[in-house]
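Colleague: Could you take a close look at one part of this model for me? I'd like to see it set against the chain as a whole, with the cut-offs spelled out as you go.

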Amino acid sequence: MLRIVKLLNKLVDYCVMSVLLVTLYYGIYCIIDIYSVYNGAKLDESIIRLKPDGKNNKENIEQLKKFNENIFAWIEIDNTNISYPIVQGKDNMEYLKKDYKNEYSSTGSIFLDYRNKKDFSDFYSIIYGHHIDRKLMFGELDQYKIKSFFDKNRTGKLYLKDRTYNLEIFASAQISSYNSNIYTLKNSKKDKLNFIKYIKNNAKYYRDIELDENSSIVALSTCSRDTTNGRFIIFTKIINKQTEDEKVKSTNDKKIENTKEK
């Protein structure tokens with residue numbers, strides 16, 4: 001009987017030790033995984049130094065393409081940590097698990113909807129990014145859930161090879177990932193005008209700005225833990241800044257018109 005008791009005690013000790021070891025290994029795995037996620041969401045210094053600034057867009061984006069030919073622009077939202085290169089894949093799944101170097105990463109990339117034009121000439125463009133804690137990727141979009149932050153912070157920039165677009169943030173919204181109104185591009189004038197009304201009526205916060213069917217709206221979309229299959233999204237309007245070539249052409253056209261008038 002005593003031998004059986006000792007055997008059972010050893011068995012219990014073995015089970016307890018096994019549980020402790022499994023728990024320890026799992027804890028170590030979680031720590032490594034969390035570190036990997038946060039580390040993957042950070043840009044290398046080699047990428048950061050190539051961020052366009054409105055003066056060197058073409059040169060820097062060409063350099064960024066050496067890391068990944070699908071990099072075509074850079075987005076920056078003022079007073080946040082959102083400052084990342086933008087890629088576009090063959091579909092909206094490609095860059096969910098690939099970083100800006102085209103390597104596997106659970107944090108993915110900041111990417112433009114595959115249906116959109118890369119020059120952002122569409123009426124409505126959608127940029128996606130994972131929600132990562134510690135204000136990484138699009139995690140800091142959560143700031144726009146706070147009215148005081150939304151009211152005070154309304155600007156950003158899109159850097160393309162040949163131009164820089166200013167962004168004006170005018171709305172934020174909590175939505176479902178199945179919201180077809182938000183995740184469908186708009187073509188007809190009627191659809192565009194109805195979409196503008198839809199944003200205003202369904203926004204968490206909204207500020208009135210001039211919008212019509214000729215506007216260019218860019219949405220930034222990320223996951224939200226507030227609801228099942230939730231998404232949080234901010235809406236911005238592109239304010240077109242002419243390229244240097246367009247400025248020269250415009251100036252020359254005005255000179256020609258003035259000469260004709262004389």
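**A close look at one strand and its surroundings**

Modeller: Happy to! The chain has six helices and eleven strands, where helices (H or I, at least four residues) and strands (E, at least two) are DSSP runs numbered from the N terminus. This is a predicted model, with residues numbered from 1 along each chain as its sequence is written, and local features are given only at pLDDT of at least 70. Side-chain atom pairs need pLDDT 80 or more, while totals for chains, interfaces and linings use all residues, and side-chain values rest on heavy atoms, leaving out hydrogens and water.

Of the 262 residues, 43% are buried; buried is under 20% relative accessible area, exposed is over 50%, and partly exposed lies in between, using a 1.4 Å probe and protein chains only. Taking contacts (heavy atoms within 4.5 Å) between residues at least 6 apart in sequence, 61% join residues at least 24 apart.

Now to the part I'd pick, strand β10. This strand spans residues 217-224 and gives the largest share of the lining of the largest pocket, three residues. A pocket here is an open set of points on a 1 Å grid over the protein atoms alone, with protein on both sides within 12 Å along at least five of seven lines, and lining residues have an atom within 4 Å of a point. The largest pocket holds about 320 Å³ of space, a volume being the space filled by probe spheres set on points joined across faces, edges and corners. Its lining numbers 15 residues, with Asn92, Leu96, Phe111, Tyr128 and Arg231 nearest the centre. By class, that lining has six nonpolar, six polar and three charged residues; Ala, Val, Leu, Ile, Met, Phe, Trp, Tyr, Cys and Pro count as nonpolar, Asp, Glu, Lys and Arg as charged, and the others, Gly among them, as polar.

Within strand β10 sits Thr222, and Thr222 counts as buried because its relative accessibility is 2%. Its side chain reaches the backbone oxygen of Gly129 at 2.8 Å and the backbone nitrogen of His131 at 3.1 Å. Both are polar contacts: pairs of N or O atoms within 3.5 Å, where within protein one must be able to donate a hydrogen and the other to accept it, and residues adjacent in sequence count only if both atoms are side-chain atoms. Leaving aside residues up to four places away in sequence, Thr222 touches Gly129, His130, His131, Phe138, Leu141, Gly230, Arg231 and Phe232. Among these neighbours, Arg231 is also one of the residues nearest the pocket centre.

For comparison, here is another side-chain pairing. Asn153 lies in the loop between α4 (147-152) and β7 (155-160), and Asn79 in the loop between β1 (71-77) and β2 (83-87). They are 74 residues apart along the chain, yet their C-alpha atoms are separated by 7.1 Å, and a polar contact of 2.7 Å joins their side chains. Asn153 is buried because its relative accessibility is 9%, whereas Asn79, at 60%, counts as exposed. Asn79 also has a positive phi, near 65 degrees. Most residues other than glycine have a negative phi.

Terms used:
On a 1 Å grid over the protein atoms alone, a cavity is a set of points where a 1.4 Å probe fits but cannot get out, and a pocket is an open set with protein on both sides within 12 Å along at least five of seven lines; lining residues have an atom within 4 Å of a point.
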